[in-house]
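Have the viewer ready, then read on.

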Amino acid sequence: MAKGPVLQPVFKAYHQRQAMLLPPSLDELIKANHPVRVVDDVLSKIDIRPLISQYKTGGASNYHPGMLLKVLVYAYINNIYSSRKIEEALQQNIHFMWLSGMSTPDHNTINRFRSERLKEPLKKIFTQVVHLLAAEGLLSLKELYTDGTKIEANANRYTFVWGNAIKTNKEKMKLQLDELWKYAQSIAASELDDTDPSGFEKIDKEKVAETIAKIDAALQDKPVSKQVKQKLNYAKKNWPATLDKYDQQEAIMGEQRKSFSKTDTDATFMRMKEDHMKNGQLKPAYNLQVSSNNQYITHYSIHQATTDITTLKEHLTDFTNEHQIIPTDVTADAGYGSEENYQYLEQNNITAYVKHNQFDREQNENIQSKKPFTSDKLYYNKEEDYYVCPIGQHMENKGSYSKTTVTGFTQRITKYEAKNCQGCPLNGSCHKSKGNRVIEINHRLNELKQQANKRLLSDQGIKKRKQRCHDVEPVFANIKNNHGFKRFMLRGKQKVTIETGLLAMAHNLRKKAFQNSKKAA
């Protein structure tokens, strides 16, 4: 038995239901350097008249758009993207309660505000936020670092439409229609005109229906095989409707896309880096382009293109329109190095620290030594316009032709052919073709590549290339990996653009809050 007094555990006072004479306010419970205060401070300074103009006059009162905007941005800062979870946070989280002034809009109100009210004004609001950050010296709008990433769409991965499949099926229909026509001609040639379906340049619903009707009329009361009858009845019943469906799908797809998802027709199937099955599966996605400075997002744009090369011109044009400023220089990786992009940057007096697709290979001696006879290593006489092949023969100009890219940009390609490759000791090593070697050269692109090499290999170019790696790429890492945003919540390009704007604003204010806390520490 223990001697002396028995010690008892000591607890702090706990009076759950004790009334307070002076209850603490929510403001007292939030730290001075908390991110919610940064959101409130920055978004209170912006002009929200473009947002207010989205509301009709009269009628029942609405929740204040300034409050809803702050709540949405702060939710995205905290990785809360669902409108129902935002509704829940407004009732349980003191930071949301303080920011909303104890307002409790439901999830329908939040989603309607995000999807409809922010459609027009969000980019203007984001631009104002960027200008405020620039005024504080946190970023510059003159030097941009641009890159792209693909984010999965909110769409079914297995309901898709392929442009090539439509073309193949149309060709099959055309071939089968031609076979039916020839069969009908063999039985009732006198009753058919000379409108041979094989001569159709483009197969459409009207032409098919008309041709099937002619074949059907010609074969009336004629001995026709059961198989042909079945094929003709199937064509009469299904082909016009199927072609109408194909026309609608091609209209949705447009000229620059090759696929789309049935559940989000604006989404294109793209190859993603997040490939957990390791089978190169294509997923419906959007191509997000971002320009950054000092790891702050200065501009964003959403594209349906599967590659980055066709997005730069539109992205920078949109940047100039929104910010009313032309950047002095742009730094980007080899995914953007095209003749059209180089020319656009040159015409707008923007210094382009943009790699082309051969830049890194040209700096690697091992790769260069493996292919000593490529066209870029051949000597070119500019005055007399000829190339010299590896054994010293002149390769003469055989004419030029124009080539149009998917964006409508016209390139000029020149052909050069060697005089006589027969019996050449390098035949088979120099080239693989059976006849004389022919090379195709884009002189304008080569000139732009040489200028790009000069800039990229300068001291400033090396500095810019190093900076790009830890300026724009960490932005994507932070959004996708640190904050888990790998799939859009909304559907349609317009709504996806809204969600991207909220993500971009949240990223910038989160970074500003982090820098403020570092200064305070």
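What follows covers the ground rules, a lysine, a helix, a pocket and the cavities.

## Ground rules

This is a predicted model, so to speak of local features we need pLDDT of at least 70, and side-chain atom pairs count only at pLDDT 80 or more, while totals for chains, interfaces and linings use all residues. Numbering starts from 1 along each chain as its sequence is written, and side-chain values use heavy atoms, with hydrogens and water left out.

## Lysine 283

Lysine 283 sits in strand β5, residues 282-293 (strands are DSSP E runs of at least two residues, helices H or I runs of at least four, both numbered from the N terminus). Lysine 283 is buried but has no salt bridge. Buried means under 20% relative accessible area with a 1.4 Å probe, protein chains only; a salt bridge needs a side-chain nitrogen of Lys or Arg within 4 Å of a carboxyl oxygen of Asp or Glu.

The nearest side chain of opposite charge is glutamate 152, 4.4 Å away (Lys and Arg count as positive, Asp and Glu as negative, with His and the chain ends not counted). Leaving aside residues up to four places away in sequence, lysine 283 touches, among others, Glu152, Arg157 and Phe269, where contact means heavy atoms within 4.5 Å.

## Helix α13

Seven of the nine residues of helix α13 (residues 339-347) are buried, so this helix is largely enclosed by the rest of the structure. Its cover includes α12 (312-323), β7 (329-332), β8 (351-354), β12 (410-418) and α16 (443-456). After α13 comes asparagine 349, with a positive phi near 60°.

## Pocket and cavities

On a 1 Å grid over the protein atoms alone, a cavity is a set of points where a 1.4 Å probe fits but cannot get out; a pocket is an open set with protein on both sides within 12 Å along at least five of seven lines; lining residues have an atom within 4 Å of a point. Points are joined across faces, edges and corners, and a volume is the space filled by probe spheres set on them.

The second largest pocket holds about 410 Å³. It has 16 lining residues, and Gly148, Thr149, Lys273, Phe476 and Lys480 are the closest to its centre. α18 contributes the most to this lining, five residues.

There are two cavities of 30 Å³ or more. The largest has a volume of about 100 Å³, and Cys389, Pro390, Cys421, Cys424 and Cys430 lie nearest its centre.

Conventions:
Buried < 20%, exposed > 50% of the residue type's maximum accessible area, 1.4 Å probe, protein only.
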